[in-house]
Amino acid sequence: MTTAIAYTRLGGPEVLEPIEVPEPVAGEGQVVVDVQAVGVNPIDAKLRSGQRPSDPIVEPRRIGSDAAGTVSAVGEGVEGFRVGDAVIVSGGNGTYASRIAVSADAVWPRPPAVPAPVGAALGIPVGTAYQALRSLDVGAGDTLLVHGGSGAVGQAVIQFARLWGATVIATSSESRFDRVRALGAEPVVYGDGLADRVRAAAPQGVTVAIDAAGTDEAIETSIELVADRSRIATLVRGKDAAGYGIRAFSGGGPTPLTPRQLAWRAEAMPVVLALLAAGAFDVERGPEFPLADAADAHRALDGVRGKIVLLP
Ligand SMILES: NC(=O)c1ccc[n+]([C@@H]2O[C@H](COP(=O)([O-])OP(=O)(O)OC[C@H]3O[C@@H](n4cnc5c(N)ncnc54)[C@H](OP(=O)(O)O)[C@@H]3O)[C@@H](O)[C@H]2O)c1
C-alpha cells in the first residue's frame with residue numbers, strides 16, 4: 001500500500017487525512033513516480049475548502065497537482081523515461097502521496113541541478129506565470145505591473161518578464177522588498193494610494209498588468225493605470241473579469257483555458273528547467289512538512305514566504 005492525503009468532506013485544513021491506497025501501477029502512457037517532494041498550492045486549499053466549486057465528494061478525494069521524484073515504473077507506449085530518472089510532475093492528479101501513477105505528458109526530466117523541493121515548486125506557479133505573460137505578449141518596451149509579486153506566481157512572472165526585456169513594478173508587503181528587488185523588479189507596497197506609488201515608480205506609464213493578488217485594489221489600480229483592458233489579466237478573480245472588461249486566465253472564471261494557453265503552460269516546464277540548470281532562474285524555498293502533516297502545511301499557506309512542500 002501507498003500513503004496518500006485525501007478528504008471526504010469540504011472544510012478547513014483538518015479535513016486532510018492520510019489514507020492507505022493500493023500501490024499505483026503504470027497504465028498505458030503512464031509512469032509511476034516515487035515522490036520525493038510535493039508542491040502545495042493555494043488552489044489545493046481553495047478546492048479543499050469549497051471556495052473553488054467542485055463535484056460532490058463520493059469517495060475520499062485525493063489532492064495536489066505538483067511533485068518531484070524518480071520514476072519507478074514505465075507503462076506501455078511511454079518513450080523517453082526509464083526507471084530511476086529524476087523527474088518533475090506538473091498537472092498531476094493527487095500528488096500528495098508517496099507514490100503516484102501519472103500520465104507521461106505531465107512528467108518532465110529533472111536536471112541534477114534541480115533538487116526535488118525546487119522541482120515540486122514549479123508546476124502551477126511557473127506554468128501560470130509563463131502562460132499569462134505569453135498571452136499578454138509581454139516583452140521589451142513593456143512596463144508590467146504585477147500584483148502579488150512576492151508570491152510564487154509573482155516571482156515567476158517577474159523573472160520571465162525581466163528575461164524577455166520588460167520593466168517590472170511588483171506589489172508586495174514591505175518586508176518582501178529585498179526579494180522582489182533581487183529578482184529585478186521595483187517593489188511597491190500594496191494598500192491605500194497604490195496607484196500614485198506605481199505612477200511614481202513608473203513615470204513612463206504601465207502598459208500591461210497581471211493580478212496574482214485578487215483584491216479589488218489590484219484590479220481597480222490596473223484599470224486606472226493601463227489604457228488597454230485587453231492587457232490586464234486576473235489569475236484570481238476569474239468570475240469578475242468580464243464585469244471589469246479585463247481578461248482572466250482560469251482563476252475560477254467561466255472560460256476554460258484554451259488549447260494554446262494550455263500548451264504555453266506545458267512549454268514553461270522545459271524552459272524553466274533549462275533556466276534553473278543554467279542558474280538563470282530562482283525558486284524561493286519555503287517551509288517543509290512531512291506528508292502526513294498536510295493539514296499543517298495548509299494552515300501555513302496564508303502569509304507564507306517561499307513555496308511550501310510536503311516530504312513523503
Ligand atoms: N489562474 C490560475 O491558473 C492560477 C494559478 C496559480 C495561482 N493562482 C492564484 O494566484 C494567487 C497567488 O498564488 P501564489 O501561489 O503566488 O500565492 P502566494 O505565494 O501565497 O502569494 C500571495 C501573494 O499575495 C500577496 N498579497 C497578500 N495579501 C495581499 C493584499 N491584501 N494585497 C495585495 N497582495 C497581497 C502576497 O504578498 P506579501 O506576501 O508580500 O504580503 C503574495 O505576493 C492565488 O490566489 C492562487 O490561487 C491562479
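Leaving aside neighbours within four places in sequence, A185 is in contact with I158, V168, A170 and V180. The model described here is predicted. A185 lies in the loop that runs between helix 5 (177-182) and strand 11. Its relative accessibility is 6%, so A185 counts as buried, the cut-off being under 20%. In sequence, A185 and T255 are 70 residues apart, and the C-alpha to C-alpha separation of this pair is 31 Å.

Strand 11 (186-189) is also one of the elements against which the buried residues of helix 6 pack; the others are strand 9 (143-147), strand 10 (167-172) and helix 7 (216-225). Helix 6 spans residues 194-201, and its buried residues are L194, A195 and V198. Viewed down the helix axis, these buried residues fall within an arc of 95 degrees, and therefore line one face of helix 6. An α-helix has 3.6 residues a turn, so residues three or four places apart point the same way. On the face of helix 6 turned away from the buried side, the exposed residues are D196 and A200.

The crossing of the pair is right-handed. On the helix 6 side, the contact is made by L194, A195, V198 and R199, which meet E217, T221, E224 and L225 of helix 7. Sorted by class, the residues in this contact comprise four nonpolar, one polar and three charged.

Backbone geometry was considered at two loop positions. Most residues other than glycine have a negative phi, and most peptide bonds are trans. D137 has a phi near 55 degrees, a positive value in a residue other than glycine. This residue is placed in the loop between helix 3 (123-135) and strand 9. D137 counts as exposed because its relative accessibility is 61%, the cut-off being over 50%. For S250, phi is near 60 degrees, again a positive value in a residue other than glycine. S250 is found in the loop between strand 14 (247-248) and helix 9 (259-277). With a relative accessible area of 28%, S250 is partly exposed.

Notes: Residues numbered from 1 in each chain as written. Predicted model: local features only at pLDDT ≥ 70, side-chain atom pairs only at ≥ 80, totals over all residues. Heavy atoms only, no water. Buried < 20%, exposed > 50% of the residue type's maximum accessible area, 1.4 Å probe, protein only. Helix = DSSP H or I, 4+ residues; strand = E, 2+ residues; numbered from the N terminus. Arc of directions from axis to C-beta. Contact = heavy atoms within 4.5 Å. Left-handed = near helix turned anticlockwise from the far one by under 90°. Nonpolar A, V, L, I, M, F, W, Y, C, P; charged D, E, K, R; others polar.
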